[in-house]
Amino acid sequence: MEHIVFLTGRLAQAALTRVLEALEPPGAETAFTWEVREIGLQVAALMTAEMIRRRVPRPVAADRIVVPGRCRGDLDALGAHFGVPVQRGPEE
């Protein structure tokens with residue numbers, strides 16, 4: 001089963017967690033497991049690849065990392081740094 005780590009800011013953390021929890025009906029088997037990590041910034045849209053590299057310790061126990069859709073920077077280089085694919089989520 002795939003494990004996905006979602007990176008976010010303080011303001012979006014609770015909302016993102018609620019959305020992910022809503023994907024999991026009680027007792028249902030899901031296609032993936034997930035974890036939400038707030039990386040020490042208020043607004044997720046201000047996140048950059050360099051900020052993620054500095055604030056998220058390695059190794060990341062995940063099959064994939066999802067960053068905010070407005071995250072700036074080279075996600076391929078970030079994926080190479082962590083050893084797992086990194087992709088942008090939706091804009092909002």
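1. Five salt bridges are present in the structure, a salt bridge being a side-chain nitrogen of Lys or Arg within 4 Å of a carboxyl oxygen of Asp or Glu. The model is a predicted one, in which local features need pLDDT of at least 70, side-chain atom pairs count only at pLDDT 80 or more, and totals for chains, interfaces and linings use all residues. Residues are numbered from 1 along each chain as its sequence is written, and side-chain values use heavy atoms, with hydrogens and water left out.

2. One of the salt bridges joins the side chains of Arg64 and Glu2, at 2.8 Å from N to O. This pair links distant parts of the chain, with Arg64 in strand E3 and Glu2 in strand E1 (residues 2-8), 62 residues apart. Helices (H or I, at least four residues) and strands (E, at least two) are DSSP runs, numbered from the N terminus. Glu2 is partly exposed, with a relative accessible area of 28%; buried means under 20% relative accessible area, exposed over 50%, and partly exposed in between (1.4 Å probe, protein chains only).

3. A further salt bridge connects the side chains of Glu38 and Arg10, at 3.4 Å from N to O. Glu38 lies in strand E2 and Arg10 in helix H1 (residues 10-22), so the pair ties together parts that are 28 residues apart in sequence. Glu38 is partly exposed at 27% relative accessible area, and Arg10 is also counted as partly exposed, at 43%.

4. Within helix H2, Arg53 forms a salt bridge with Glu50; the closest N and O atoms are 3.4 Å apart. Arg53 and Glu50 are three residues apart in this helix, which means that about one helical turn separates them. Arg53 has a relative accessible area of 28% and is partly exposed, and Glu50 counts as partly exposed at 41%.

5. The pairings may be followed residue by residue. E1 and E3 pair in the parallel sense over three bridges, and Val5 has Ile65 in E3 as its bridge partner. E3 and E4 likewise pair in the parallel sense over three bridges. Ile65 has Val86 in E4 as bridge partner, while Val66 stands opposite Gln87 in E4.

6. Is Thr8 buried or exposed? Thr8, which is placed in strand E1, counts as buried at 3% relative accessibility. Not counting residues up to four places away in sequence, Thr8 touches Gln13, Leu16, Val36, Arg37, Glu38, Ile39, Leu41, Ala44 and Met47, where contact means heavy atoms within 4.5 Å.

7. Leu11, Val43 and Leu46 form a nonpolar patch on the surface, with about 280 Å² of accessible area together. Patches are made of residues with over 30% relative accessible area and no salt bridge, like charges being joined within 9 Å and nonpolar side chains (Val, Leu, Ile, Met, Phe, Trp, Tyr) within 5 Å. Accessible areas come from the Shrake-Rupley method with a 1.4 Å probe, and for residues, only the protein chains shown count as cover. Val43 lies in the loop between strand E2 (32-38) and H2 and is partly exposed, with a relative accessible area of 34%.

8. Which peptide bond is cis? The bond from Arg58 to Pro59 is cis, with omega near -5°. Pro59 is found in the loop between helix H2 (49-55) and strand E3 (64-67). In general, most peptide bonds are trans.

Note on methods: Pairing = 2+ DSSP bridges.
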